[in-house]
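Let us work through a few exercises together. Keep the viewer open and try each task before you read its solution.

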Amino acid sequence: MRKIRVAVIGCGKISGMHLESITALEEAELVAVCDIKSERAAEKAEKFYVKAYTDYHEMFEKEELDAVHICLPHYLHTVVSQDAFRKGIHVLCEKPMSIRYEDAVETVELAEQCGLQYGVIFQGRYNTHARFIKQRIEDGRLGAVKCARAILSWYHPDEYYSRSDWKGTWDKEGGGVIINQAIHSLDLSNWYINSVPIEVQASLHNRAHKDIEVEDSAEGLIRYENGALLAFYVMNNYLVNEPVEIRLQCEHGKVVYTKGEAVITYADGTVESMKNKPQEIVSYTGGASYWGTQHAVQVHQFYKAVLGLEALELSGRAALKTQKLVCEIYQSNDGRI
Ligand SMILES: NC(=O)c1ccc[n+]([C@@H]2O[C@H](COP(=O)([O-])OP(=O)(O)OC[C@H]3O[C@@H](n4cnc5c(N)ncnc54)[C@H](O)[C@@H]3O)[C@@H](O)[C@H]2O)c1
């Protein structure tokens, strides 16, 4: 079998998850890495025995790539994805797919016109216990979600922002805790509710990070077409990283989802629980624990789609729903903090 020729663009914090996943999967061959900071590209190139580039256009010209993983600041996601599609290269892009919803739609349409796979990372959907909940909703044992509540309270010190040349800015990050951290909880909740948001009310604040432009906390209420409600309370200004929590009230029972376990209590009092099983493809330990370890599972599914073996599960078109919600949350606050 010919291996998929892959490169990673952006050699910062999350790139390790992608690089370890690529090299562990037999379908792919890592051929190059790229970062405008040459020392970052050089370090990864040396570690993984591949070529280093500082200009992704040059890499596209020279490497005959089949697919790229985009691990860049948010404002570059759609620009670079579109450049890749125009060169006939499949894209797996880190969340969020864009800052502006219109850019995400344009990129999805371009990928479809080009007949290329466009995957968007939401590795939380690949947690064993997250999938178990989805299965119980769909097989009717839990039934539809009537209301959901998502809580996220994490610690991001001032240095998290001061060390970065893009985080904490409207133009490059596109927001704060909503677009970068809570997007995972919003995505899971949206996936479970599986309806169209018709009313979005939110209030965004900066309570503890006075040196950045964007929100470090937010709360809101979303009403869906099918009558379901989603309430969220999220912050980056807590003193520790607490596990995320999502609670669901469904037609036939309730769910408590935390980082490591899902507990379902059915209306008749029966309890069913499922612990998250760490994926066995790679044992990457270089990341923050709240990232989870499921990147490799999603990367693997993307490669099977690139090879035409399976339909892509988390396509750009599927990810548009969460992108739209995120953008509507910012609009509902009128962009003011
Ligand atoms: N899925 C998750 O759980 C998870 C966790 C962390 C980060 N992320 C996402 O990963 C992405 C990257 O985040 P990060 O924390 O690794 O950021 P980072 O700042 O550590 O890394 C980004 C890298 O991109 C490089 N870069 C910037 N412009 C470039 C260009 N034009 N060409 C090549 N390289 C360029 C920077 O030099 C930097 O090394 C973001 O979208 C973020 O939201 C996802």
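Helices (H or I, at least four residues) and strands (E, at least two) are DSSP runs, numbered from the N terminus. The model is predicted, so local features need pLDDT of at least 70 and side-chain atom pairs count only at pLDDT 80 or more, while totals for chains, interfaces and linings use all residues. Residues are numbered from 1 along each chain as its sequence is written, and side-chain values use heavy atoms, with hydrogens and water left out.

**Exercise 1. Work out how α8 and α10 pack.**

Step 1. Start with the geometry. Axes are lines fitted to C-alpha atoms, for helices over the stretch in contact, and angles run from 0 to 180 degrees between N-to-C directions. Helix α8 (residues 177-193) and helix α10 (residues 316-332) make an angle of about 125°, and their axes are 10 Å apart.

Step 2. Classify the angle: under 35 degrees counts as roughly parallel, over 145 as roughly antiparallel, 65 to 115 as roughly perpendicular and the rest as oblique. Therefore α8 and α10 are oblique to each other.

Step 3. Find the hand. A crossing is left-handed if the near helix is turned anticlockwise from the far one by less than a right angle, and right-handed if clockwise. For α8 and α10 the crossing is right-handed.

Step 4. List the residues in contact (heavy atoms within 4.5 Å). From α8 come Ile178, Ile179, Ile183, Leu186, Asp187 and Asn190, and they meet Lys321, Thr322, Leu325, Val326, Ile329 and Tyr330 of α10. Sorted by class, the contact of α8 with α10 has eight nonpolar, two polar and two charged residues. Here Ala, Val, Leu, Ile, Met, Phe, Trp, Tyr, Cys and Pro count as nonpolar, Asp, Glu, Lys and Arg as charged, and the others, Gly among them, as polar.

**Exercise 2. Count the aromatic pairs and characterise two of them.**

Step 1. Rings of Phe, Tyr and Trp (its six-membered ring) pair if their centres lie within 6.5 Å; planes under 30 degrees apart count as stacked, over 60 as edge-to-face and the rest as tilted. By this rule there are six aromatic pairs.

Step 2. Tyr56 and Phe60 have ring centres 5.3 Å apart and planes at 65°, so the pair is edge-to-face. Tyr56 and Phe60 are four residues apart in helix α3 (residues 56-63), which separates them by about one helical turn. Tyr56 is buried at 14% relative accessible area, and Phe60 is buried at 8%.

Step 3. Trp170 and Tyr330 have ring centres 5.8 Å apart and planes at 85°, so this pair is edge-to-face. The pair links distant parts of the chain, 160 residues apart: Trp170 lies in the loop between α7 (158-162) and α8, and Tyr330 in helix α10. Trp170 is partly exposed at 28%, whereas Tyr330 is buried at 9%.

**Exercise 3. Describe the surroundings of Pro96.**

Step 1. Pro96 lies in the loop between β5 (90-93) and α5 (101-114). The peptide bond from Lys95 to Pro96 is cis, with omega near -10°.

Step 2. Pro96 is buried, at 0% relative accessibility. Leaving aside residues up to four places away in sequence, Pro96 touches His74, His77, Ile179, Ile183 and Gln323.

Methods. Buried < 20%, exposed > 50% of the residue type's maximum accessible area, 1.4 Å probe, protein only.
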